[in-house]
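I opened my notebook to work through one protein chain, entry by entry.

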Amino acid sequence: MIKIAPSILSADLADLAGEISRIESADFVHVDVMDGSYVPNITFGQGMVKTLSRLTDKPLDVHLMIERPEHHLESFMEAGASIITVHPDATRHLHRQLGRIKELGGLAGVALNPSDPSVMIENVLDLADLVLIMTVNPGFGGQDFIEGQTTKIAEVAELVAASGRNIMIEVDGGVNSKTAEKVRRAGADVLVAGTYIFRAEDAEAAIRTLRG
């Protein structure tokens with residue numbers, strides 16, 4: 001079944017507990033961590049993850065859009081992360097960092113930006129539990145879906161199938177009622193959505209629509 005990970009980036013942070021209560025049927029809570037260096041924006045840190053871990057029992061899906069993530073893996077796991085995803089070009093030793101996440105007890109994710117070819121993750125599929133395909137350029141919420149990325153989703157799905165491992169394929173960026181069907185058909189099984197869910201009058205109905 002398709003899993004849904006609402007992105008807290010688009011939630012009303014003045015009522016975080018209330019916003020969490022609106023997404024009871026979601027599978028994960030997605031946390032976009034940005035450092036103002038790897039991407040232009042600055043968002044959350046370990047404190048937000050710790051707060052969310054007190055508000056929900058759902059797995060916290062932490063996407064590190066930061067330089068040198070290896071300096072922060074342990075602190076994010078201690079704060080309550082269940083999944084930590086890093087970018088290949090943000091660290092010199094991707095294989096080592098994915099292994100470290102697993103050593104710390106988390107699920108290890110690797111992310112691909114729109115300009116990154118799918119082959120970038122081919123040699124770490126032995127460690128990856130999740131591949132996150134960005135269908136917008138990372139850094140801001142509410143962007144439009146980049147249509148050409150559906151081909152990459154299908155390519156990654158083929159690589160995952162060939163690996164023989166149970167690896168989640170997650171898609172983040174411009175996911176809504178119109179684009180969800182495309183990415184599901186291409187091979188995605190986890191959909192991240194912020195604006196579409198949290199700006200909806202009925203967040204649970206939005207989640208059902210994305211599941212298809």
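**Entry 1: a residue in S7**

I began with Glu170 and listed what it touches, not counting residues up to four places away in sequence: Ala5, His30, Asp61, Leu130, Val131, Leu132, Ile133, Val190 and Val192. Contact here means heavy atoms within 4.5 Å. The model is predicted, so local features need pLDDT of at least 70 and side-chain atom pairs count only at pLDDT 80 or more, while totals for chains, interfaces and linings use all residues. Residues are numbered from 1 along each chain as its sequence is written, and side-chain values use heavy atoms, with hydrogens and water left out.

Where does Glu170 lie? I found it in strand S7, residues 168-172. Helices (H or I, at least four residues) and strands (E, at least two) are DSSP runs, numbered from the N terminus. I then looked up the exposure of Glu170. It counts as buried, at 0% relative accessibility. Buried means under 20% relative accessible area, exposed over 50%, and partly exposed in between, with a 1.4 Å probe and protein chains only.

I also checked a distance. Glu170 and Ile4 are 166 residues apart in sequence, yet their C-alpha atoms are 9.3 Å apart in space.

**Entry 2: across to S8**

Val190 was on the contact list of Glu170, and I followed it. Val190 sits in strand S8, residues 190-193. It counts as buried, with 1% relative accessibility. Leaving aside neighbours within four places in sequence, I noted contacts of Val190 with Lys3, Ala5, Phe28, Met168, Ile169, Glu170 and Val171.

Next I picked Thr85, in strand S4 (residues 83-86). Is Thr85 buried or exposed? It is buried, with a relative accessible area of 1%. Beyond its neighbours within four places in sequence, Thr85 is in contact with Asp61, Val62, His63, Leu64, Gly109, Val110, Ala111, Leu130 and Leu132.

Val110 counts as buried at 0% relative accessibility. With neighbours within four places set aside, its contacts include Thr85, Val86, Leu94, Leu98, Ile121 and Val131. Val110 and Met120 are ten residues apart along the chain, and I read 9.6 Å between their C-alpha atoms.

**Entry 3: two helices**

I turned to helix H2, residues 46-55. Which of its residues are buried? I wrote down Met48, Val49 and Leu52. Seen down the axis of H2, these buried residues fall within an arc of 100 degrees, so they line one face of the helix. The arc is that of the directions from the helix axis to the C-beta atoms.

Helix H4 spans residues 94-103, and its buried residues are Leu94, Gln97, Leu98, Gly99 and Ile101. They pack against H3, S4 and strand S5 (107-112). Just after H4, I noted Gly105 with a positive phi of about 100 degrees.

**Entry 4: two loops**

Arg68 is in the loop between S3 and H3. Its phi is near 50 degrees, a positive value in a residue other than glycine. At 36% relative accessibility, Arg68 counts as partly exposed.

Gly164 lies in the loop between helix H5 (149-163) and S7. It counts as exposed, at 69% relative accessibility. Asp126 is 38 residues from Gly164 along the chain, and 9.5 Å separates their C-alpha atoms.

**Entry 5: the whole chain**

Last, I stepped back. I counted eight helices and eight strands in the chain. Of its 212 residues, 53% count as buried. Residues 24 or more positions apart account for 62% of the contacts with a separation of 6 or more. Along its principal axes, the C-alpha trace spans about 45 × 35 × 30 Å.
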